[in-house]
Amino acid sequence: MAAPTSRKFLGRLSLPERTFVTDALRTETVGGVVLLVAAIVALILANTPLSGLYGDIKDFSFGPRALHLHLSVASWATDGLLTIFFFVAGIELKRELVAGELRDPKAAALPVIAAVCGMAVPALVYVAVSASGGGSLEGWAVPTATDIAFALAVLAVLGTALPAALRAFLLTLAVVDDLGAILIIAIFFTQHINFIALGLSIAALVLAWLLHRKGVRTAWIHLPLAVVVWALMHASGVHATIAGVAMGLMLRCTVREGEQRSPAERVEHRLRPVSAGVAVPLFALFATGVPLSGGALADVFSRPETLGVVLGLVVGKAVGVFGGSWCAARFTKAELNEDLAWADVVAVAALAGIGFTVSLLIGELAFPADPTLAGEIKAAVLIGSLTAALFAGILLKLRNTTYQRLCQEEERDEDMDGIPDVYELDSPEYHLRMAAIHEAKAAEHRRLAEVAAANDSGDDGPA
């Protein structure tokens with residue numbers, strides 16, 4: 001009886017999965033750079049003579065009061081624009097569960113355990129630091145999130161390439177993190193519920209699901225209905241971004257006969273650039289503008305709540321993701337991809353400490369009655385994320401030569417058929433195409449050799 005084949009941790013992705021990951025992360029990388037620019041602009045506005053104008057714009061309110069939607073610009077960015085982000089996150093989660101890395105429980109066990117540990121350990125670090133200093137425990141969830149767009153922006157700025165397996169692992173971590181953030185927001189940051197508004201929101205959501213199931217795809221129907229679902233969810237007291245997640249999970253991710261792409265894939269393809277390039281950067285523009293004077297920075301490292309956030313992101317995330325990965329691999333007897341090393345997992349674990357967008361959101365929700373502390377928490381998120389980015393950048397740079405070699409091997413397409421050669425090594429047709437290519441090259445070299453020999457003979461003749 002043959003011994004069971006051990007599974008690979010960070011092994012080669014299937015071609016469809018690799019294509020999806022590459023396309024998705026390409027958009028997120030561009031959006032991450034825009035996000036980084038928006039954060040820098042916000043910090044400049046908040047720490048220059050323009051801070052007064054910046055504050056007035058953030059606090060300017062508009063919208064219908066009768067519908068509980070007379071909100072400030074900053075609140076519209078938090079409750080409105082981030083709903084688009086969470087809508088795309090809901091689609092990603094649905095796709096991962098139906099057709100991605102999470103569809104197989106055995107294959108999903110390792111990244112899920114790593115992600116869960118990567119949320120639990122930072123929360124424990126925050127609780128330990130804050131409790132030991134007599135601080136509030138309300139911000140325990142702030143350092144639990146990973147911002148995939150910001151992480152990819154760091155990679156783009158550093159010029160560091162990551163093999164597809166590591167990129168997919170980082171994306172899966174972020175998707176599970178988003179699920180955790182959704183549950184945290186829904187369970188721990190919903191205090192007063194208007195059950196009538198919540199019931200109507202669910203009814204509108206069910207109507208949208210029925211229309212989707214019947215094949216009705218007209219945007220003029222679904223877009224107003226989505227606004228109704230969102231407005232009712234906002235009025236119910238449940239955070240409005242939950243509506244985005246619910247609508248994302250509702251979409252079908254499987255392809256039916258006659259379809260080239262599923263409805264979820266089509267919608268995600270259209271909205272991901274809006275989410276990554278517009279919604280999240282605008283949220284960051286109004287969320288990250290906090291004073292960063294010398295005294296404010298000193299307070300981040302002296303106040304237990306803010307120090308807990310920094311250490312949770314920098315230490316807790318790295319220890320949690322790496323520890324969860326290593327323990328899960330030992331428990332499942334999964335073998336690490338021979339092209340990679342555990343040092344690569346440490347680097348990705350450190351990169352997961354960049355908890356920007358969702359951490360800022362949870363920071364606002366955790367301390368609604370204390371704007372000063374909420375602002376200091378935001379500063380702590382910025383400092384912790386930048387520190388994690390610097391630490392991860394150093395680790396990744398040490399292995400960048402290896403990553404570049406692996407990426408070149410993954411991208412090589414010598415037969416020029418549009419499919420990387422590593423996916424065709426078991427195909428007879430591929431080897432026949434390569435044989436024909438090499439035979440053609442050999443024939444050309446023989447011709448050139450004959451021409452060179454003839455030229456040499458002519459040069460040796462009589463003058």
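Arg412, for example, has a relative accessible area of 38%, so Arg412 is called partly exposed. Please also keep in mind that what you see above is a predicted model.

Let me start with the overall layout. The protein chain is divided into domain 1, which takes in residues 12-190 together with 239-410, and domain 2, which covers 421-453. Taken over C-alpha atoms, the centres of domain 1 and domain 2 are separated by 47 Å.

I turn now to the charged side chains. Side chains of opposite charge can pair when their charged atoms come close. How many salt bridges does a search of the whole structure find? The search finds 16 of them, and I will go through a few.

In one of these, the side chains of Asp177 and Lys317 meet, with 2.9 Å from N to O. Asp177 belongs to helix α6 and Lys317 to helix α12, which spans residues 304-332, so this pair ties together parts of the chain that are 140 residues apart in sequence. Are the two partners buried or exposed? Asp177 has a relative accessible area of 3% and is therefore buried, and Lys317, at 1%, is buried as well.

Another salt bridge joins Glu444 and Arg447, whose closest N and O atoms are 2.8 Å apart. Both residues lie in helix α17, residues 428-460, where they are 3 residues apart, or about one turn of the helix. Here Glu444 is partly exposed at 36% relative accessibility, and Arg447 is partly exposed too, with a relative accessible area of 41%.

Coming back to Arg412, its side chain meets that of Glu414 in a salt bridge of 4.0 Å, N to O. Glu414 counts as partly exposed, at 40% relative accessibility. There is also a network of salt bridges, which links Asp415, Asp417, Glu424 and Arg433.

Next come the aromatic rings, for which the search of the whole structure finds 9 pairs. The rings of Phe85 and Phe86 have centres 5.1 Å apart and planes at 80°, so this pair is described as edge-to-face. Phe85 and Phe86 are both buried. Phe322 and Trp342 form an edge-to-face pair as well, with 5.9 Å from centre to centre and 90° between the planes. That pair links distant parts of the chain, with Phe322 in helix α12 and Trp342 in helix α13, residues 342-351, the two being 20 residues apart. Phe322 is partly exposed with a relative accessible area of 24%, while Trp342 is partly exposed with 26%. These two rings also take part in a cluster, in which ring pairs link Phe9, Phe169, Phe322 and Trp342.

Ile187 sits in helix α6, residues 164-188, and is exposed, with a relative accessible area of 57%.

Finally, a word on the cysteines. A disulfide is a covalent bond between the sulfur atoms of two cysteines. How many disulfides does a search of the whole structure find? The answer is 0. Among the cysteines, Cys253 is buried, with a relative accessible area of 12%, and Cys407 is buried at 14%.

Key
Residues numbered from 1 in each chain as written. Predicted model: local features only at pLDDT ≥ 70, side-chain atom pairs only at ≥ 80, totals over all residues. Heavy atoms only, no water. Disulfide = S-S within 2.5 Å. Buried < 20%, exposed > 50% of the residue type's maximum accessible area, 1.4 Å probe, protein only. Domains from an automatic or database assignment. Helix = DSSP H or I, 4+ residues; strand = E, 2+ residues; numbered from the N terminus. Phe/Tyr/Trp six-rings, centres within 6.5 Å; stacked < 30°, edge-to-face > 60°.
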